Amino acid sequence: MSANPDRLYELVPVVYRLRDAAQGYPLQALLRVINEQYDVLERDIARLYENWFIETCDDWVVPYIGDLIGYEMLSGPLQTQSARPGAAALAISAPRREVADTIAYRRRKGTLAVVQDVAAAVSGWPVKAVEFYRHLCVCQNINCLNMNRGRTAELRDCDALDLLGGAFDEMARNVDVRRTISVHSRGFGSIAELGVFVWRLKSYALAVTQAFYYDAQAPNAYLFNPLGHDTPLFTNPLSNIAASAPDLALPLPIRRRPMETRDAGTPDGQTTSGIPYYYGTGRSLMIWTGPNRDPVKPEDIVVSDLSAWSYRPMPGKVAVDPQLGRIVFAHDITRRQNVWVSYSYGFSADMGGGPYPRPIRQPADAKIYQVGDAPLFAKIGDALAKWTADGNPDAVIEITNSAVYSEPIQVNLPKGCTLQLRAAQGVRPVIRLYDWGTGAPDSLSISGQGDCWFVLDGVVVTGRGMRVDGDVSGVAIRHCTLVPGWGVDCNCEPDSPNEPSLTLVDAPRCITIEHSILGAIQIERDQAKQEPLHIRIVDSILDATSPDKAAIGSDGNLCAHATLLIRRSTVFGQVQVHGIELGEDTIFMGLVRACKRQQGCMRFCYAPPGSRTPRRYECQPDMVVKAVTDAFTAGTITATERDALTESESLRVEPEFNAVRYGRPTYCQLAFVCADEIVRGAHDESEMGAFHDLYQPQRTANLQTRLSEYAPAGINAGVLFEN
């Protein structure tokens, strides 16, 4: 579009422009206003042309294009009950990729390749389709050998034994009459069975960050994760891989055996080192040492089991354990050297900060101070000092690398200013806070002088918490992690489970937390002089490290002087607040106590029995208890049976997770045995909790629908989750 505001004015004859100039250019001002609307109309016409094509059209056009080719809509989030824009819902019910390739899929219907392609397009997950009849024990015809059939189990082949029951299982098995799609007990050994293995965890590639020096168990020992805990390394599926290594195209945890030795893919069954497949530039991991960041050569890497820290590599070698994310250098290398690493870790969603893309919002006139490698500011404190000296009202301090910044940070906001401390796109910096001493602040301290705002975006804070006091109008925490318990050990157990990650002392007036992971929030506020603090939590995890500890509370008071609005979040710990404006699609794993119950509501949430909340709608375990009570009222069960059923049903719908400790890949992920009332208990039939917007129930149902359509005739195709 034209950026010239006078393009209509330039079309006017010169005689009229001369007269307009003599009168002070009123015609030019009028045509500039008209030109603005002309630009809007021109952009709309150009957008209409783009909407002719599935590759460039808007999201709302995708179902209409699909209707032209007879595409059947899938089940998506309920539009009538959703209060948010329907872009995510449309992406579930009409995936653009599937609509674009529908005709091509129909021409290949019934083949294994199209089943795998359709499954990936519909679900958005990495998938692998497996025909189970190829794993059946059969007598081979000597004149026509099928080398791709299942083979006899060999107890010496430990790598093959590790793959039992998974997508890459090559062992033969006896006939199993159970079906893959059975809801009671699944079978994997019949002729008419096909399985689609799905990986729900994503792989996030973290580039050039500092390794954690871990001298508690062994000298010259390091951890890949700069937070200081074991982290299973994942395959980076973006790496260029050969067709003979399909497992490298999937976000799988890296195992020791395939990284040490892999099948070379030759007919004679030769093996080769697996290190070049995983290690190197653009691969899944890499290590640098020294002040100049000299890369460790692939031939110097030794894959080892470092679970007991007992292995010692030979001189010049570096031991790596990919399953635990541990590194041990040889004794001939100087201790406590600078070690930098690149690696990929696994998690369920874009949350808590990381190299994933995220929206960047800032004031239009804000000045940016960049912190990172030379010639930028070397420390965050240097950028803060420069900002203070410049006197800029609005500023952004942007960290451009994934380094660890160990320094005291104390921010004093002048009146009427906005300051952002954020990470640049594609990086995950870590701010490590220590016990600096008697006269130095320990926490990330934020204070203000009135009508000022502070934003923390894309940063991980460990070692201590964050403290806000003074006259601060508001604080926003977006895509950040304030490590629960201040830190975690190698086994992901919290270092200080009783300490809060966020302390609010008489400030701010409101706080917003989005797509973040936090520990406990402690609020100290004068109830007689101040209004309640407004807390808004969306798509986040609040972890007090125990259901018995306060996730939101006040030291010494029954309830924190705050009102809470929380949506699509998971809370481990008790919530003790003045009032709850709205609780929606949220899991509370500790008792909820709201002192003011007359206002506000909770809908489609789970709150443990005994919670004191505002009125509840379609919450659990209220719904299952009501069903038992109705059965007793109808006379179908006795009072004794009612009491027993009430207790058993309340226990049945209690949420269960694959992991409840921060640092594990499956942290806060609902377990397979979790009750369907929780898995589909949100207002749009998605799951309750922090991973609501993944729409995993809808994606699973859509995948099963398309499998029944594209699978070969007479074949039972089932969905199998690998993680």
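Analyst: What follows is a short exchange about parts of this model, which is a predicted one.

User: Which residues of helix 11 are buried?

Analyst: In helix 11, which spans residues 380-390, the buried residues are Ile380, Ala383, Leu384 and Trp387. They lie on the same side of helix 11, because the arc they cover around the axis is only 100°.

User: And what covers the buried residues there?

Analyst: The cover includes strand 14 (367-371) and strand 15 (394-399), together with strands 16, 17, 18 and 19.

User: What follows helix 11?

Analyst: Helix 11 is followed by Gly391, which has a positive phi, near 70°.

User: Switching to the open sheet, what is the order of its four strands?

Analyst: The order is 3-13-8-9, with antiparallel pairing. Strand 3 (202-210) and strand 9 (294-295) stand at the edges with a single partner strand each, so one side of each has no neighbour in the sheet.

User: How many bridges link strand 3 and strand 13?

Analyst: Strand 3 pairs with strand 13 (residues 339-347) over seven bridges, in the antiparallel sense, and Tyr204 stands opposite Tyr345 of strand 13.

User: Last topic: are helix 12 and helix 13 roughly parallel or antiparallel?

Analyst: The axes of helix 12 (residues 622-633) and helix 13 (residues 639-652) cross at roughly 165° and come within 9 Å, and the two helices are therefore roughly antiparallel to each other. On the helix 12 side the contact is made by Val624, Val625, Val628 and Phe632, while the residues of helix 13 that take part include Ala639, Arg642 and Leu645.

Technical notes
Residues numbered from 1 in each chain as written. Predicted model: local features only at pLDDT ≥ 70, side-chain atom pairs only at ≥ 80, totals over all residues. Heavy atoms only, no water. Buried < 20%, exposed > 50% of the residue type's maximum accessible area, 1.4 Å probe, protein only. Arc of directions from axis to C-beta. Contact = heavy atoms within 4.5 Å. Pairing = 2+ DSSP bridges. Axes fitted to C-alpha atoms, helices over the stretch in contact; angles between N-to-C directions. Parallel < 35°, antiparallel > 145°, perpendicular 65-115°, else oblique.
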